[in-house]
Amino acid sequence: MRGRRLREGAGLALLNVFFIALCFVTLIPILYALSVSLNGQNSLLSSDFSFIPKDFTLDNYLAVFTGEDILTWFGNSILLAAATVAVSLAAAVPAAYCFSRRSFPGRRLVLRWLVLLNSFPAILSMFAVYRLLRPMGLTNHRLGLIIVYTGTMAVFSLWNMKGYFDTVPVEIEEAARMDGATDLQVVTRIVLPLAKPSVVVTALMVLIYVWNEYIYATTFMTGEANYTLAAGLYSLQATEMSGSWPVFAAASITVSLPVLVIFFLSQKHMSSGLTAGGVKG
Amino acid sequence: MEDRLKRQRRGWLVSYLWSAPSLALIALIVVFPILYTFFISLTNMNVYHWFDYTVIGLDNYVRALFVFDSGFLSALINTVLWTVVNMAIQLVLAFVLASLLNIRKLRLRKLYKTLLMFPWAMPGYVSILLWKTGMFNSEFGLLNQWMEALGLEARRWLSTDVSAFICCTVVNIWLALPFMLMIMDGAMQSIDRSYYESAVLDGANWLQRSWSITIPCIRPIIAPAVIITVFTTFKQFDVIYLLTQQMGAKTGSGLHTILTYAYENAFITNNYGYSSAISIIIFLLLLAFSARWQPGGEGEK
Amino acid sequence: MKRTITLLLVLALLVPLAACGGESTDTGRLVVWHDKEDAVIEALSAYLTQAVPEVEVVFEKKTSLTDSLKLVGNDPSSAPDMFIFAHDKVGVFAEMGILADVRPLLDEGVLDGWLPMTLEAATYKGTLYQLPLYFETLLFMYNKRYMQDEQVPATTEELYAYMEQNTGRGRYGFVEQHSTAYYSAAWIHGFGGSIVSEDGVPFPEPEAVKDALRYHLKFVALMPGETEYSTVNTLFLEGKADATIGGPWMVPSAREVGIELSIAPMPVVDETGEALAPYSGVQGVQVLRFAAEDKAEAVKAVLSALCAPQIGIDLALASGCAPANAACYDDAQVADDELVQAMRSTAEIAVPMPNIPEMDVMWTVVSNLLTDVNLSGADVDAAFDEALSEAEGLIANMK
């Protein structure tokens, strides 16, 4: 008994060592940026690099918050991300449910073609999207970006949640219906709680896409006050001729942190409601 | 009889209504651009006919066929190879890591997961820039600093096709793994623990359990994400372009995928009609590649 | 769960409302897109508020300016009224039909005092599409701590001898972005070649280009295997390279890190007796067609204010750029500025970047040719032939 526990402990320690090493290796480029951002000299490159900055300073972070409109950009990103996630889920959940549970003419055809259509290389889509939004007066308008982002992520949202809904046993729903629950109640009270992990994953995916998207954000929106974080960061980098690398690195790290916090907090919602509910398929 | 038909019709209508917002968005942002691109491909829209373009029929397609030369063929082979290699590594790595993360007694799993998500939390171009200048740069990059510390010769990592392919793959995996890991991890958590308990009692080892329980259980859940990732990998542009071909920072490697090849051989001409024709042809190629695969069959009752 | 969904839906409905902003088509308000550094725009903005108080000029930084312009075209609801950009895209936008002829918008004879090179650069098919403000060229810069004034090479062979003596063990005698079209054009011009002719023929003097590539190779061998900006820039700024060819934008950071920076004339190619002649870029104001018609008064007022020597002087002092208006150089402070003067004298040999649409594809063609020859070791003749046919194909496909 004791021997087994010891072996288990050793295995666990080894596992922890493995993950610490893996995290370190994965984070090397980011630690690199971190070190650059904490360093006093203005260079992304240096011939004698060390992970511990030689000339430690927080000036670059200070510069990010004072020199750039980072708080405005942050606000824009939050607004866009929240709205896009909301619209995406509001549109995709009912659709995914229908495609998973109900049968209707055209269902298979649509499912089959959605993914194929989504494979269209998007390099030239921008022009068409502009032509589409202009008559509606939605260029240089946040609503336009929200539509573009939601539409871009719609296929993924629909497919991803439909896939998960398929694994939720129908029996529970049927039981609820027997008790007189309406469609809406079935979805909100039973399917969504059970499929919470996939809803969270979908929301995160949309959120991160919006958070990191810069091509539409820089092309469709004008003026620094309308930039998102990713777009602002891109403009910092694009003017490399006069740009400051440590400030750029500091800004990159700053931009990533909110996503990590959200990810960390959302983890507890990612474990399935299925096993917790004690239902076996 | 008629009543049943009526009810069925009403059921269809409800389904359509519920799906309408999502499908409308897809129609606007995904389908419309394809149709519009097809329309533009039939016109002579270019710098010289920006507003006064006219429909010229299939001329652009005739011209576009010249792009599909030996260079395009090798780019196509590269793209397929790229997709296969990247997907294989991604799936295996994500599966192994997710399995390890799901070992019950691992207390710090939340921390590890969050740290492993970091590559995903940064805008792609930032990460690629960090890799290019921080890691691969032949003068200052960490890789060469380490090579020198080990007494090895410094290398130009991105200068030949093969080493550029490997470097791009490393960066692409680094960028894409967090998502795959998250999907796999989420899927594994939905597996009923009692399956494993009985399997352990039967004396099944990890490999056998993975094969007979984990994989069959997670397959339907991860299928959509995997399929979409296959397409994303196939049309990956940023990693290869930004690492090896960006204007003013070319590295000497001739590595091309069909998209970077089309970009360099058509899109830069500002001839929208011509470029659109090439986009449509590439799209048709993609459709042909995936023709054998039946997504409608997934989860069909 | 239900409440969450309701909340999300309400939020989704509210956001668009919150985001609604009024579009104004005020004729006293001009929107100017640009991608310039802050110092330039601050100087322009400060000057214009005081010089033309009746017009509200709004500067909006646009990172992907040319791509955005290709999208919005001449649409008054989303296009800017004017934009500030280098002259090399004038041809593309003029062919698209979105640019206004600026001459009718200016007072008669006001351009007589402009440096001819700048006007020539801004003219496409006989029409002036840009009011030139200032220009920039590449300069031969050296670090006095390592390269003494008497060591400054007058010819390329002297440069090569210097590089041979001073390159090695992590140090470089001279670095440049050797496989980048913008930088290598100087070498091609030094051999009497060019990248594209005025009427859009690629490499009109093939032998000169090949000679330049062959000759340039031995210099590349003594430079790092990277051609991008940050490597070259860092080497020079860290004091690991004694000399470089770089733009005026390198100067502020060089001074900041305490480099004893000095500027010298471009070396002369021994074989041809011509100096390395870099491209010059003329930065100026382009006016969109609809703005020239709808907002003529405001546009004229702003352009006429920008013709005064004062703004050129302000810009030169604020960011070290060389004014297009020759009268600016009479100013004592401008006359004393080593950098501005160096650029003005380089301008005499510099070649304005071609502004024809064909040049758009040539950047890629030349970059490919250079990397093939310099970094992949391809044979010059074969690589050149390939590049030539690639260029011809791309140019044919533009139409």
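**Labels and their criteria**

Guide: Chain C is divided into domain 1 (28-136 + 280-352) and domain 2 (139-277 + 358-398), the bounds coming from an automatic or database domain assignment. This is a predicted model, in which local features need pLDDT of at least 70 and side-chain atom pairs count only at pLDDT 80 or more, while totals for chains, interfaces and linings use all residues. Residues are numbered from 1 along each chain as its sequence is written, and chains are lettered from A and ligands numbered from 1 in the order in which they are written.

Visitor: How do you know that domain 1 of chain C and domain 2 of chain C are in contact, and how many residues take part?

Guide: Two residues are in contact if their C-beta atoms, placed from the backbone, lie within 7 Å; by that criterion 13 residues of domain 1 of chain C meet 11 residues of domain 2 of chain C. On the domain 1 side, the largest share, six residues, comes from helix 15 (residues 338-349) of chain C. That side of domain 1 of chain C has eight nonpolar, two polar and three charged residues, where Ala, Val, Leu, Ile, Met, Phe, Trp, Tyr, Cys and Pro count as nonpolar, Asp, Glu, Lys and Arg as charged, and the others, Gly among them, as polar. The centres of the two domains of chain C, taken over C-alpha atoms, are 28 Å apart.

Visitor: Why is A:N160 called buried?

Guide: A residue is buried if 20 or more other C-beta atoms lie within 10 Å of its own, exposed if 12 or fewer, and partly exposed in between, with C-beta atoms placed from the backbone. A:N160 has 25 other C-beta atoms within 10 Å and is therefore buried. A:N160 is found in helix 6 (residues 142-167) of chain A, and, not counting residues up to four places away in sequence, A:N160 touches A:S198, A:V201, A:T202, B:P224 and B:A225.

Visitor: What makes B:L201 count as buried or exposed?

Guide: B:L201 has 8 C-beta neighbours inside 10 Å and so counts as exposed.

Visitor: What makes helix 12 of chain B mostly covered?

Guide: Helix 12 (residues 258-265) of chain B has eight of its eight residues buried, among them B:I258, B:Y261 and B:E264. The buried residues of helix 12 of chain B pack against helix 3 (70-101), helix 11 (238-245) and helix 13 (272-289) of chain B, together with helix 16 (359-374) of chain C.

Visitor: What counts as a helix here, and how many helices does chain A have?

Guide: Helices (H or I, at least four residues) and strands (E, at least two) are DSSP runs, numbered from the N terminus. By this rule chain A comes to 13 helices and zero strands. Buried residues make up 49% of the 281 residues in chain A.

Visitor: Why are helix 3 of chain B and helix 10 of chain B described as oblique to each other?

Guide: Two packed helices are described by the angle between their axes and the distance between the axes. The axes of helix 3 of chain B and helix 10 of chain B come within 11 Å and cross at roughly 140°, the axes being lines fitted to C-alpha atoms, for helices over the stretch in contact, and the angles running from 0 to 180 degrees between N-to-C directions. Angles under 35 degrees count as roughly parallel, over 145 as roughly antiparallel, 65 to 115 as roughly perpendicular and the rest as oblique; helix 3 of chain B and helix 10 of chain B are therefore oblique to each other. The contact between these two helices of chain B has three nonpolar, seven polar and no charged residues.
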